[in-house]
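Colleague: I have this one open and have not looked at it before. Can you walk me through it?

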Amino acid sequence: MTALDRRHILTGVASLLPWIMLWGPGQPQAQQLALEAAEASRPAPASRPPPASQLRSSLLEQPSAPATAPEPIPTEPVAALEGSNSAARDALLHQGLDWDFCGPRPTQLGAMPTAPEPAPDTPVEIDTGAVAYQQDSGLLTLSGGVEVRRAQERIVADTLTYDRNSGDIKTQGATLLERPGLRMIGDPALLNLETNQGQMQNVSYRFSQTANLRGTANLAELLGPAQTRYRGLVYSTCPPGSNAWSIKASKLKLDQEQGIGVARDARLRIKGVPLVYTPYLRFPIDDRRRSGFLIPTIGSSDESGFELVVPYYWNIAPNLDATLSPHFLSERGLLMGTELRYLTRNDRGRIEAELIPDDAKYDGNGARWALNLEESGLWLNRFSTLLEFSAVSDDRYLEDFGNGLDITSTRRLLQRGTLGYMGDGWSLQTVLEGYQTVDSELTPEQRPYGRLPQVLFNLNPVALGAGLVASVNAEYDYFDHNHIVYGQRLAMQPSLSLPLRRSYGHLIPTLSLNLSGYDLSNTGPDQPTSPSHSIPSVEVDGKLVFERNANWLGAPALQTLEPRLYYLYTPYEDQSATPVFDSSELTFNFANLFRSNRFTGRDRIGDANQITTALSSRLLNAQTGTEMLRLSVGRILYFADRRVQIFGPTEVANESPIAGELAAQLFDRWRGRASIEWDPGEETDQWGRRTLQLQYLEPGAERLVNLAYRYDRGTSIENRFETTDLSFRMPISNAVNVVGRWLYSLETEETNDAFAGIEFGQCCWKIRVLGRHFKNSADSTASTSVMLQVELAGLGAFGSSVDRFLQREVYGYQVD
């Protein structure tokens with residue numbers, strides 16, 4: 001090489017030095033070459049570098065790509081690429097990258113922070129074995145193994161040629177290209193520094209951070225910092241080593257800015273076998289909301305026949321969206337459903353509506369529909385709003401189209417709106433409340449009252465000095481009804497207490513006064529139109545807490561013994577002249593042993609001269625304070641008959657039934673609860689209520705068992721029930737789970753609800769098949785249905801919404 005040739009090479013290299021720092025670990029000749037180039041370039045103005053503004057459009061820039069920190073760089077990447085086989089390249093493609101989820105990043109893992117845009121003066125580091133520059137053509141050739149790095153971006157190749165005139169970079173041999181969230185390995189690549197575009201052949205690609213997905217392509221095109229296009233490709237969200245499913249397509253465009261993938265001439269393959277062809281497929285590559293058709297839902301039932309739902313999601317605005325869901329029911333017709341959701345700075349809400357213009361299986365006339373409105377908000381940090389409104393076209397709508405026992409057994413639909421104001425130490429609420437009854441057996445007189453309106457005032461406890469605490473709550477109601485007595489009621493309850501609380505217990509005497517007055521219309525004969533009452537009440541609540549060291553299943557624990565006495569005195573006052581607008585008798589249980597009134601509402605104030613005796617014991621973990629066991633039992637001793645009743649004669653028993661409850665954490669994963677109502681004074685049927693619940697739950701709900709027994713004697717044979725309830729989710733293997741529930745009525749000796757299913761799959765796919773036998777009421781005919789759901793991570797779920805159904809019906813069930 002002549003001195004002139006050497007100077008041309010050095011001058012060309014020096015033209016890159018203002019923004020490229022030349023490093024060659026273990027290459028002292030390359031470092032010396034850089035120093036010589038700096039000296040040689042001083043008298044050569046023609047070799048000055050382009051402006052820094054041009055350098056910002058580096059091919060490797062991706063300012064909007066999310067990242068937390070530079071991804072681990074494989075050791076000796078150049079050596080790994082040279083002469084590597086496909087297995088070695090695949091290992092290099094995934095080296096240092098986790099695959100802890102499949103497809104788009106789950107929202108519960110949190111969003112990935114955005115990588116900062118490289119500054120204009122961000123240095124570019126190059127490791128190379130040799131450098132050659134042709135001044136006449138402007139070509140810079142780096143060879144002997146080249147690695148170019150800038151911030152979190154890099155190119156690795158055996159040989160790299162840079163054209164100063166066009167900004168093109170050409171590589172020879174195996175090439176690795178890496179950006180935040182994207183890594184590619186392929187054969188010769190053509191890249192451009194100015195347009196930020198390029199292409200690479202015979203590519204293996206891997207996305208990470210915002211989504212875990214991978215694939216291969218005959219050709220990969222770089223369209224910009226966050227857009228790539230592939231030809232002759234295979235795409236999958238399954239982890240390396242798994243070919244459970246993939247998409248093979250002629251073209252695929254992945255847009256990370258929009259979070260969308262679009263495939264042309266796509267074939268969905270299961271284990272490499274093509275099953276479904278579509279000329280166009282649009283799918284998400286992250287968890288952002290976007291408009292488009294969702295995966296159809298398919299199912300069948302005895303009542304509605306074959307069912308096909310094709311939902312369309314409309315992302316109207318960042319705080320507003322809608323889902324349009326046409327349902328094709330082979331036995332009934334077309335049902336149109338929609339859901340609209342919105343979120344503002346002050347409130348959020350949801351509107352759900354369904355309409356079937358002509359139901360072929362319904363004997364009535366006209367369209368059938370359902371409407372549900374929900375809203376909650378906080379305004380100016382003082383005002384609150386709450387809306388709950390449901391309505392249906394006819395009494396049988398929920399029975400025909402509901403899919404849960406709690407829905408189909410509903411007898412009335414709530415229609416309520418609330419406006420509240422929170423002051424300093426007080427609050428005020430105004431409520432409008434009505435109901436739509438959907439039980440055809442109810443007479444007009446049995447329909448519930450509406451409150452038009454209800455006004456509630458509450459004064460928080462106020463310290464008066466000397467330990468005294470005062471509080472007041474008041475309520476105004478207008479009870480509306482078309483067939484029976486209706487009218488206004490004003491009620492108030494001031495109270496004064498002297499709480500004495502210590503670490504070893506408490507003693508709280510309380511004096512309260514129950515005031516109420518009515519203005520009634522449509523009263524019966526001899527019934528007053530303006531009854532009122534003023535009833536005082538005295539209560540004294542005392543409790544002691546004793547402690548001792550103990551152990552629970554071999555672990556150190558603290559055991560407590562907590563005796564409690566609660567005395568209540570309320571004089572009798574005849575209230576038979578006042579209607580029953582909102583009062584009912586409280587369910588008898590342990591917690592209600594300490595209530596000052598045995599009725600709900602304000603129409604009945606129970607007379608009382610009684611004392612509750614109770615005993616509780618708890619076992620607490622000595623290190624964490626976690627409650628491991630709680631056992632409570634108590635009963636009421638009556639000193640006078642209870643003359644105030646809603647229905648029935650005076651109660652004359654001297655003792656109440658015994659109420660008890662038990663809660664225990666038996667082992668790390670077993671928990672149990674039980675409650676009883678037992679009356680030893682009864683000669684027969686001594687059990688009023690009893691409930692037993694046992695649950696086994698592993699972390700993540702992979703293994704789950706719920707056992708329950710419930711009995712309620714009720715007030716008559718018609719409302720008595722006794723049921724057993726078993727639900728479970730059990731893994732058979734790492735990829736297969738069985739799930740089911742059996743709800744059986746011991747009273748009618750019939751199965752109310754039973755389903756069993758199997759779910760199998762892994763990270764990137766799930767299949768759920770479930771059969772159900774269901775009765776929506778005791779006297780109805782049971783129906784059967786079959787549900788199938790195929791879930792492919794990153795594409796969606798095909799078939800019925802089995803996962804949502806299981807979340808609703810199996811306590812503790814979680815979707816993976």
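Modeller: Let me start with a term: a disulfide here is a pair of cysteine sulfur atoms within 2.5 Å. Searching the whole structure with that rule gives two disulfides. This is a predicted model, where local features need pLDDT of at least 70 and side-chain atom pairs count only at pLDDT 80 or more, while totals for chains, interfaces and linings use all residues. Residues are numbered from 1 along each chain as its sequence is written, and side-chain values use heavy atoms, with hydrogens and water left out.

Colleague: Which cysteine is joined to Cys102?

Modeller: Cys763, with an S to S distance of 1.9 Å. The link of Cys102 and Cys763 is right-handed, with 130° about the S-S bond. Cys102 is in the loop between helix H5 (86-94) and strand E2 (103-104), and Cys763 is in the loop between strand E44 (750-762) and strand E45 (765-774), so the bond ties together parts 661 residues apart in sequence. Helices (H or I, at least four residues) and strands (E, at least two) are DSSP runs, numbered from the N terminus.

Colleague: Is Cys102 buried or exposed? And what about Cys763?

Modeller: Cys102 is buried, at a relative accessible area of 10%. Cys763 is partly exposed, at 41%. Buried means under 20% relative accessible area, exposed means over 50%, and partly exposed is in between (1.4 Å probe, protein chains only).

Colleague: Where does the other bond go, the one from Cys238?

Modeller: To Cys764, S to S 2.0 Å. The torsion about the S-S bond of Cys238 and Cys764 is about 80°, so this disulfide is right-handed. Cys238 lies in the loop between strand E13 (227-236) and strand E14 (245-255), and Cys764 in the loop between E44 and E45, 526 residues apart. Both Cys238 and Cys764 are buried. Counting bonded cysteines along the chain, the pattern is 1-3, 2-4.

Colleague: New topic. How many aromatic pairs are there?

Modeller: Rings of Phe, Tyr and Trp (its six-membered ring) pair if their centres lie within 6.5 Å; planes under 30 degrees apart count as stacked, over 60 as edge-to-face and the rest as tilted. That rule gives 19 aromatic pairs. One of them is Tyr397 with Phe401: the centres are 4.7 Å apart and the planes are at 40°, so the pair is tilted. Tyr397 and Phe401 sit four residues apart in helix H6 (residues 397-401), about one turn of the helix. Both Tyr397 and Phe401 are buried.

Colleague: Which pair links distant parts of the chain?

Modeller: Tyr449 and Phe581 form an edge-to-face pair, 4.8 Å centre to centre and 85° between the planes. Tyr449 is in the loop between strand E27 (426-437) and strand E28 (450-465), and Phe581 is in the loop between strand E35 (555-570) and strand E36 (608-621), 132 residues apart. Both Tyr449 and Phe581 are buried. Ring pairs also link Phe383, Tyr421, Trp426 and Phe457 into a cluster.

Colleague: What lies over the face of Tyr638?

Modeller: Arg642, at 3.5 Å from the ring centre. Likewise, the charged end of Arg772 is over the ring of Phe774, 4.0 Å from its centre. A charge sits over a ring if NZ of Lys or CZ of Arg is within 6 Å of the ring centre and within 35 degrees of the ring normal.

Colleague: And overall, how many helices and strands?

Modeller: The protein has eight helices and 47 strands. Of its 816 residues, 41% count as buried.
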